[in-house]
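This briefing accompanies the sequence and structure shown below.

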Amino acid sequence: MDLAARFRAIIDGFCQAVAVRGAARNLASDTRALLLILWTRLRRAAARFAILAAGAPPPRPRAPKPRPARPRAPDLPRRRGWVLAPIPEAAGIAGRLRALLEDPATIALIGTDPRFGRLLRPLCRTLGLRPPPCLRPAPPAPKPRPPRRPRVRHPLAPANDPPNRLERATPLWLARAPPARA
């Protein structure tokens, strides 16, 4: 079975678990709405993975189009593994996804296109998986630090005056020995 078909099977199982839990009568309406959004995004992810695995060309830069204002759907939670509480079956799905991501063919495919990382990282976070090294983004390059300016003494300061408070001599009351006890 090719990688796109394996990924589609994993997503189909996940969507089936989401649909079963979403059909429960004792769920609050906001939880049902989240599950519907999750189901829609999972279907899009499966279709997008198939397109990328088939060798889709990189997207062309497009000029932004003005869009009419419409109500925005609520975002899914961003906590790691948030879906495991409302959908316990997702733990099995996470295991199947982990096995797919550890496959050498998948690692090679992910290494060819960074769009796989943008597709799979949120899914790993949702299922509580730590992304494998091939999906982790490269650490940002360290920012160069500006050179430190030398400390300049005030022209009227005495020559023996230290440049900052931390270098000042110990106060006399601390330097004295404690009184002898008899």
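**Confidence and main features**

Within the protein chain, confidence falls to its lowest in helix α6 (residues 172-175), with a mean of 56, and reaches its highest in α3, at 94. The model is predicted. The pLDDT of the protein chain averages 83, and 84% of the residues score at least 70. A search of the whole structure returns two aromatic pairs, and Phe 7, Phe 49 and Phe 116 make up one aromatic cluster.

**Nonpolar core**

- The largest nonpolar core has 37 residues, of which Phe 14, Leu 38, Phe 49, Leu 97 and Leu 127 touch the most other members.
- Two or more residues of this core come from each of α1 (3-22), α2 (29-53), α3 (90-102), α4 (104-112) and α5 (115-127).
- The greatest contribution to this core is that of α1, with nine residues.
- Leaving aside residues up to four places away in sequence, Phe 49 is in contact with Leu 3, Ala 4, Phe 7, Leu 109, Phe 116, Leu 119 and Leu 120.

**Aromatic pairs**

- A pair of aromatic rings is described by how far apart the centres are and by the angle of the planes.
- The search of the whole structure gives two such pairs.
- For Phe 7 and Phe 49, the ring centres are 4.3 Å apart and the planes stand at 25°, so this pair is stacked.
- This pair connects distant parts of the chain, as Phe 7 belongs to helix α1 and Phe 49 to helix α2, 42 residues apart.
- Phe 7 and Phe 49 are both buried.
- For Phe 49 and Phe 116, the ring centres are 5.3 Å apart and the planes stand at 70°; the pair is therefore edge-to-face, since planes over 60 degrees apart count as such.
- Because Phe 49 is located in helix α2 and Phe 116 in helix α5, the pair ties together parts that are 67 residues apart in sequence.
- Phe 116 is buried, as is Phe 49.

**Helices α3 and α4**

- The axes of α3 and α4 come within 5 Å of each other and cross at roughly 70°.

Terms used:
Residues numbered from 1 in each chain as written. Predicted model: local features only at pLDDT ≥ 70, side-chain atom pairs only at ≥ 80, totals over all residues. Heavy atoms only, no water. Core = buried A, V, L, I, M, F, W, Y, C linked by side-chain atoms within 4.5 Å. Buried < 20%, exposed > 50% of the residue type's maximum accessible area, 1.4 Å probe, protein only. Helix = DSSP H or I, 4+ residues; strand = E, 2+ residues; numbered from the N terminus. Contact = heavy atoms within 4.5 Å. Phe/Tyr/Trp six-rings, centres within 6.5 Å; stacked < 30°, edge-to-face > 60°. pLDDT = per-residue confidence, 0-100. Axes fitted to C-alpha atoms, helices over the stretch in contact; angles between N-to-C directions.
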